[in-house]
Amino acid sequence: VSQYDAFALDYAAHAASSPYNVDYERPLMLAQLGDVSRKAVLDAGCASGELTAALLERGAQVTALDGSGELLRIVRERFDERVVTVQADLDDGLAAFADASLDAIVSSLTIHYVRDLHQLFAEFRRVLKAEGELLFSTHHPANTALMVDDYFATKYVTDCWKIQGRQVNVQFYHRSMQSLIDPLLQNGFQIVRILEPPCALQPGRPWFLIIKARINF
Ligand SMILES: C[S@@+](CC[C@H](N)C(=O)[O-])C[C@H]1O[C@@H](n2cnc3c(N)ncnc32)[C@H](O)[C@@H]1O
């Protein structure tokens with residue numbers, strides 16, 4: 001059961017309208033995306049499918065994965081057979097995917113829910129083709145550092161968000177920058193780009209972090 005099941009409909013409305021997502025994170029992610037036309041792309045942590053929709057518009061063959069059955073129900077209603085959906089816990093690996101079966105993995109604001117980044121990036125590496133790309137966004141460590149006493153320790157934290165006027169508690173991991181980058185490099189990825197885009201909604205503070213990587217040969 002995903003923590004998002006409890007507020008799936010409200011989250012879907014939020015993801016489609018919140019300026020953090022619509023005007024800030026999503027366009028920046030899409031700007032980093034290579035040509036995905038006719039490519040096999042995994043949207044890992046698709047939620048209600050906002051990024052999925054943009055990938056479809058760009059001609060990708062999308063597999064939308066999420067742990068939340070409620071959110072995937074919305075995705076299936078939205079896109080029907082245009083998208084393959086997979087309900088899976090990213091903590092359990094990517095058993096549904098064959099080795100070297102994907103051209104790209106995009107994962108928007110999801111990896112901070114995953115317990116073991118070594119296992120996650122090892123699985124991402126396994127299922128990506130040789131020229132495959134990985135593009136993900138996450139909370140900036142300097143932002144979540146404000147929630148912990150010890151910046152260097154990985155800690156599962158609870159935040160209270162206002163989603164469509166409703167208070168919801170959401171839990172995710174704070175990790176230091178090194179704890180985020182090391183598992184990526186140790187699993188054979190090369191970082192192509194790191195973006196820490198300023199956010200007009202939070203002047204002078206880092207908010208999200210976007211990383212583009214590819215397999216290092
Ligand atoms: C912030 S939302 C992602 C937003 C979405 N990518 C978008 O662009 O609108 C995080 C998503 O990660 C999913 N998630 C969290 N932990 C997960 C896990 N361990 N396995 C699979 N999905 C997970 C949640 O259900 C939720 O849909």
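Buried residues (under 20% relative accessible area, 1.4 Å probe, protein chains only) make up 53% of the 217 residues in the protein chain. Bear in mind that this is a predicted model, where local features need pLDDT of at least 70, side-chain atom pairs count only at pLDDT 80 or more, and totals for chains, interfaces and linings use all residues. Residues are numbered from 1 along each chain as its sequence is written, and side-chain values use heavy atoms, with hydrogens and water left out.

Some values for the protein chain:

| Property | Value |
|---|---|
| C-alpha span along the principal axes | about 40 × 40 × 30 Å |

Now for helix H3 (residues 50-57), a DSSP run of H or I with at least four residues. Seven of its eight residues are buried, so H3 is largely enclosed by the rest of the structure. Among the buried ones are Leu 51, Ala 54 and Leu 55. The buried residues of H3 pack against several elements, including helix H1 (8-17), helix H2 (19-32) and strand E1 (40-44). Just after H3, Gly 59 takes a positive phi of about 85°.

And Asp 91? That residue sits in the loop between strand E3 (84-87) and strand E4 (102-108), strands being DSSP runs of E with at least two residues. Asp 91 is buried, at 17% relative accessible area. Its side chain reaches the backbone nitrogen of Arg 115 at 2.8 Å. Beyond its neighbours within four places in sequence, Asp 91 is in contact (heavy atoms within 4.5 Å) with residues including Tyr 113, Val 114 and Gln 119.

Note on methods. Buried < 20%, exposed > 50% of the residue type's maximum accessible area, 1.4 Å probe, protein only. Polar contact = N/O pair within 3.5 Å; in protein donor to acceptor, adjacent residues only side chain to side chain.
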